[in-house]
Amino acid sequence: MYDLIIIGMGISGISAAIYAKRNNLNVLILEKNVPGGLLNKINIIDNYPGFSSITGPELSYNLFEQVNNNEIEYKLEEALNIEIDDNIKVVTTNKSVYKSKYIIIATGRIPRRLGLKNEEKLIGHGISNCAICDGNLYKQKDIAVVGGGNSALEETIYLSKLVNKIYLIHRKDKFSAEEKLIKEVQNLKNIEIILNANIVEIIENDNKIKAIKLDNDKIINIDGLFEYVGYTPGNNFIKSLNITNEQGYIEVNNNFETNLPGVYAVGDSIDKAYYQLVIAANDGATAAIDIINKINH
């Protein structure tokens with residue numbers, strides 16, 4: 001029996017684990033992929049306090065070091081279900097079953113897709129949402145980036161140093177990214193910006209991307225497509241708990257507790273106004289402190 005099980009090993013989950021462990025709670029973290037989560041897919045972070053600039057993988061490694069240095073138990077297993085039995089939280093994974101007094105859900109978000117018919121099968125065969133992972137595959141080639149937020153423009157800047165040409169496609173008439181990023185992208189030499197356009201078809205050849213067709217009937221020949229069109233919460237495994245809203249985000253109070261006593265949620269898995277690393281870290285710390293106070297009192 002654990003005092004606290006945390007599902008998700010991103011910045012919010014690790015933040016919670018550090019606070020809980022340093023207050024002598026018996027903690028277990030479960031992570032289905034790799035420590036750091038989506039941090040590992042971010043090229044440069046320059047708005048996190050204490051680091052003028054750091055890559056996502058570097059920050060992930062630093063967080064993972066803190067987990068090990070604090071001797072926090074973790075298991076690389078996927079949580080499949082949560083049940084509550086007489087106030088005990090029972091977590092079933094793809095490998096085992098664990099019990100805890102408290103639980104924190106920190107599963108974050110997953111990239112949203114465009115919804116085109118052959119899109120899913122082309123992931124890894126020309127479609128990507130991670131420039132730092134796959135950018136080197138497209139050296140001196142032509143690619144497209146779709147999206148208009150910070151992620152799309154940050155990754156465009158990174159990819160521009162590798163590829164021959166980038167078509168930056170956005171469905172609206174202006175970007176929603178920070179002005180600093182917009183100006184930097186506009187000054188790049190190998191970028192063609194296409195606004196007020198949607199991709200309506202992915203044209204393939206031998207199971208690889210050959211071109212994309214826009215809703216203005218323009219066809220663009222490319223070797224790769226990088227998608228940054230938002231995120232959707234990774235909360236499908238907790239649908240039976242009825243703690244999510246219509247969009248799939250978990251609803252919590254000011255201490256990040258759901259309407260189920262002892263069940264908390266933090267980070268990008270919850271419904272909130274802003275999704276930033278520093279805010280996610282705060283979420284995890286706040287939830288852990290609330291749990292610590294309840295256990296100690």
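## Backbone, disulfide, salt bridges and cavity

N87 is exposed, with a relative accessible area of 55%. The model is predicted, so local features need pLDDT of at least 70 and side-chain atom pairs count only at pLDDT 80 or more, while totals for chains, interfaces and linings use all residues. Residues are numbered from 1 along each chain as its sequence is written, and side-chain values use heavy atoms, with hydrogens and water left out.

N87 sits in the loop between β6 and β7. Helices (H or I, at least four residues) and strands (E, at least two) are DSSP runs, numbered from the N terminus. Although N87 is not a glycine, its phi is positive, at about 70°. D86 is found in the loop between β6 and β7 (88-93) as well, and its phi, near 55°, is a positive value in a residue other than glycine. For context, most residues other than glycine have a negative phi. D86 is exposed, at a relative accessible area of 70%.

Strand β6 (residues 79-85) contains E83, which is partly exposed at 47% relative accessible area.

**Helix α1**

Helix α1 covers residues 11-22, 12 residues in total, and reaches 17 Å from its first C-alpha to its last. That is close to the 16 Å expected at 1.5 Å a residue, where the expected span is 1.5 Å times one less than the number of residues. The helix is mostly covered, with 9 of its 12 residues buried. The buried residues are I11, S12, G13, I14, S15, A16, A17, I18 and A20.

**Disulfide**

The model has 1 disulfide, defined as a pair of cysteine sulfur atoms within 2.5 Å. C130 and C133 form this bond, with their sulfur atoms 2.0 Å apart. The torsion about the S-S bond of C130 and C133 is about 70°, so the disulfide is right-handed. The two cysteines fall into separate accessibility classes: C130 is buried at 3% relative accessibility, whereas C133 is partly exposed at 45%.

**Salt bridges**

Side chains of opposite charge can pair when their charged atoms come close. A salt bridge is taken as a side-chain nitrogen of Lys or Arg within 4 Å of a carboxyl oxygen of Asp or Glu, and the count by this rule is 11.

E73 and K75 form one of these, with the closest N and O atoms 3.6 Å apart. Another joins E192 and K165, with a closest N and O separation of 2.9 Å. This pair links distant parts of the chain, 27 residues apart: E192 belongs to strand β13 (residues 191-194) and K165 to strand β12 (residues 165-169).

D283 and K272 also meet in a salt bridge through their side chains, at 2.6 Å from N to O. D283 lies in helix α6 (residues 277-296) and K272 in the loop between β19 (263-265) and α6, so the pair ties together parts that are 11 residues apart in sequence. Through shared partners, salt bridges join K165, E192 and K218 into one network.

The table gives the accessibility of the residues in the three pairs.

| Residue | Relative accessible area | Class |
|---|---|---|
| E73 | 30% | partly exposed |
| K75 | 25% | partly exposed |
| E192 | 25% | partly exposed |
| K165 | 26% | partly exposed |
| D283 | 2% | buried |
| K272 | 19% | buried |

**Cavity**

A cavity is a set of points, on a 1 Å grid over the protein atoms alone, where a 1.4 Å probe fits but cannot get out; lining residues have an atom within 4 Å of a point. Grid points are joined across faces, edges and corners, and a volume is the space filled by probe spheres set on the points.

The structure holds 1 cavity of 30 Å³ or more. The largest cavity has a volume of about 40 Å³. Its lining consists of P111, R112, N129, E227, Y228, V229, G230 and Y231. By class, this lining has 4 nonpolar, 2 polar and 2 charged residues. In that scheme Ala, Val, Leu, Ile, Met, Phe, Trp, Tyr, Cys and Pro count as nonpolar, Asp, Glu, Lys and Arg as charged, and the others, Gly among them, as polar.

Key: 1 Å grid on protein atoms, 1.4 Å probe; cavity = no way out; pocket = protein on both sides within 12 Å on 5 of 7 lines; lining within 4 Å. Buried < 20%, exposed > 50% of the residue type's maximum accessible area, 1.4 Å probe, protein only.
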